[in-house]
Amino acid sequence: MNAAWEVVIGLEIHAQLATSSKIFSGASTAYGADPNTQACLVDLGYPGVLPVLNAEVVRMACKFGLAVDATIAPRSVFARKNYFYPDLPKGYQISQYELPIVVGGELVIAGDDGEEKCIRITRAHLEEDAGKSIHEGLDQYSGIDLNRAGTPLLEIVSEPDLSSAKEAVAYMRKIHSIVRYLEICDGNMQEGSFRCDANVSIRPRGQTELGTRAELKNLNSFRFVEKAINYEIERQIDVIEDGGCVRQETRLYDSDRNETRPMRSKEEANDYRYFPDPDLLPVEIDEAFIAAVRETLPELPGAKQERFVADYGIKRDDAIILTASRPLADYFEATASASAASAQTVAHWVIGDLSAALNRDGLDIADSALSAAQLAGLLDRIDDNTISGKIAKEVFDAMWSGEGSADDVIEARGLRQITDSSAIDSIVDAVIAANPGQVAEYRAGKDKLIGFFVGQVMKETAGKANPGQVNEALKRKLAEG
Amino acid sequence: MSLSKDQVQHIATLARLTIAEEEMDDVVGKLSRIVDFVDQLQAAPTENVVPMAHPLNTCQRLRADAVTEGNERDRIQANASAVHDGLYLVPKVLD
């Protein structure tokens, strides 16, 4: 990056909590329903209704707090954040301000210098989401769908500890992984269940005072977070180096043009006049409740990663990929425990061929065409030399398209590896006899031709000869000449 | 006067209220009296008092996470001034 400027980034991540009903009402939170069919009188802010807090929302927020070593506030308070917008029927959003439910906490990411870096979490608070505005195709009108109004959100606010777009993405990925491990958020970024605003500023390297920040909104993919922040850093450097000042403002990221531009809101729109919501009482959480939630915490990605490296002896980079999601980690463990193949071989196949097939068909690991037991069956046949690694790819594809177990495919297609050394020897003899020119060149010192001979033998055997044995036999017989 | 005319105008704008010029002095005076009254409370010693978030001395009751509300769109939208394909229609908003 630029040597003269230091980048300072803080993220506000909104994670939609995976409840059945809304934070303050009994309306459904299911995604994709017809407009306004899941917006009840409480969500619409009708006179005379009272919000009642969803217990599950409190439990989920606690779970997150415990997972990041935060303090769970014994007493937290809901406040009204006042502003006017058509998708906010009450004229205020119920949020938390001075007394949030989760205070402090921290997370370790891989920093830009390759070292571990601790990112401090300021707070995480509960709030309700607003509705959606639709601007296209309605002439002089905007359409309002309030199904999303009242959906529970956990807003996770970091300290400005991130120093680059790359670190910001690493932090966001880590939070994404944690909320899915905890099963408190589905993490679906296309549906907006997990989204982020970034506060970005720059300052001359060495200066302690923070520069003026811009808030970037509308960052709904990891790639956009990285691109938007990098664009914004360059923009701010240009502004300052041209003698200007960065304005404190909210900017929208436009992914089509890869640029950020200011929103047209007025300055005073940021004066939210928070005050405690008189409709809601303070939320009190006791030690017993916290202890009960702590009991339900799963093994988290960081701990799982350490265990995979220590117990299975797999590469750390592989452990990081495998532990990014809990179902993937579970799949790896199930395969490794069911197969005689080495854990590193299992990791290689899960990250390689299996993930590629899932990606190609747009499937989640949960919908994999191959169960862990089936993959283990295939890897066992490599391990016991029934098939080579190369043939295994063919078997894998056949299994993926539903041709049965590894043994079924190997049998049906006659793919069993040739390991009978007399059979291999006779094929090797035939190949040597058929290629006198190459044999002479090889014997004159052109060692690289060994690949040609191996290829010929494999062609003769449709790839079924054991590669190690073929190599050995070729070298032995070519040396005999 | 503890409040200025500009402050009152600012609050009115945030609240989407229009205050006529001839009413302004009266509103500034009345709001200032309320603010002055609150200022008296500020003078009370509160070092050892836990801040009160609600006058009821109890805590929030929680409800189970269950869907209890059905689709009432038709009934509710009978109150709306304009709807289209299930959407509420409002004057075009930008941003």
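A polar contact here is a pair of N or O atoms within 3.5 Å; within protein, one must be able to donate a hydrogen and the other to accept it, and residues adjacent in sequence count only if both atoms are side-chain atoms. By that rule, 23 residue pairs, both at pLDDT 80 or more, are in polar contact across the interface of chain A and chain B. The model is predicted, with local features needing pLDDT of at least 70 and side-chain atom pairs counting only at pLDDT 80 or more, while totals for chains, interfaces and linings use all residues. Residues are numbered from 1 along each chain as its sequence is written, chains are lettered from A and ligands numbered from 1 in the order in which they are written, and side-chain values use heavy atoms, with hydrogens and water left out.

Stay with the interface. Contact, meaning heavy atoms within 4.5 Å, takes in 55 residues from chain A and 39 residues from chain B. The buried area is about 4,000 Å². That is the accessible area (1.4 Å probe) that two parts lose on being put together, summed over both. Carbon and sulfur atoms give 59% of the area buried between the two chains. The salt-bridge rule asks for a side-chain nitrogen of Lys or Arg within 4 Å of a carboxyl oxygen of Asp or Glu. Across the interface of chain A and chain B it finds zero.

Which elements of chain A supply at least two residues each to the side that touches chain B? They are β2 (53-54), α1 (55-67), β11 (141-145) and β18 (283-284). Helices (H or I, at least four residues) and strands (E, at least two) are DSSP runs, numbered from the N terminus. β11(A) gives the largest share, five residues. By residue class, this side of chain A divides into 29 nonpolar, 14 polar and twelve charged. Ala, Val, Leu, Ile, Met, Phe, Trp, Tyr, Cys and Pro count as nonpolar, Asp, Glu, Lys and Arg as charged, and the others, Gly among them, as polar.

Strands also pair between the chains. Two strands pair if DSSP finds at least two bridges between them. β2(A) runs parallel to β1 (residues 62-63) of chain B over two bridges. There, A:Asn54 has B:Arg63 as its bridge partner. A four-strand open sheet takes the order β10(A)-β11(A)-β3(B)-β2(B), with antiparallel pairing. β10 (132-134) of chain A and β2 (83-84) of chain B stand at its edges, each with a single partner strand, so one side of each is left without a neighbour in the sheet. Within chain A, β10(A) and β11(A) are joined by three antiparallel bridges. A:Lys132 stands opposite A:Asp145 in β11(A).

Now chain A itself. Its secondary structure comes to 15 helices and 18 strands. The radius of gyration, taken over C-alpha atoms, is 30 Å, well over the 23 Å that the globule rule (2.2 Å times the number of residues to the power 0.38) gives for 481 residues, so chain A is more spread out than a compact globule. Along the principal axes, its C-alpha atoms fill a box of roughly 95 × 55 × 50 Å.

β14 (residues 214-219) of chain A pairs with β13 (residues 194-204) of chain A in the antiparallel sense over four bridges. It pairs with β15 (residues 249-254) of chain A in the parallel sense, over four bridges. A:Leu216 in β14(A) stands opposite A:Ala198, and its bridge partner in β15(A) is A:Arg251.

Another open sheet in chain A has the order β6-β5-β17, with antiparallel pairing. β6 (92-96) and β17 (275-276) are the edge strands, pairing on one side only.
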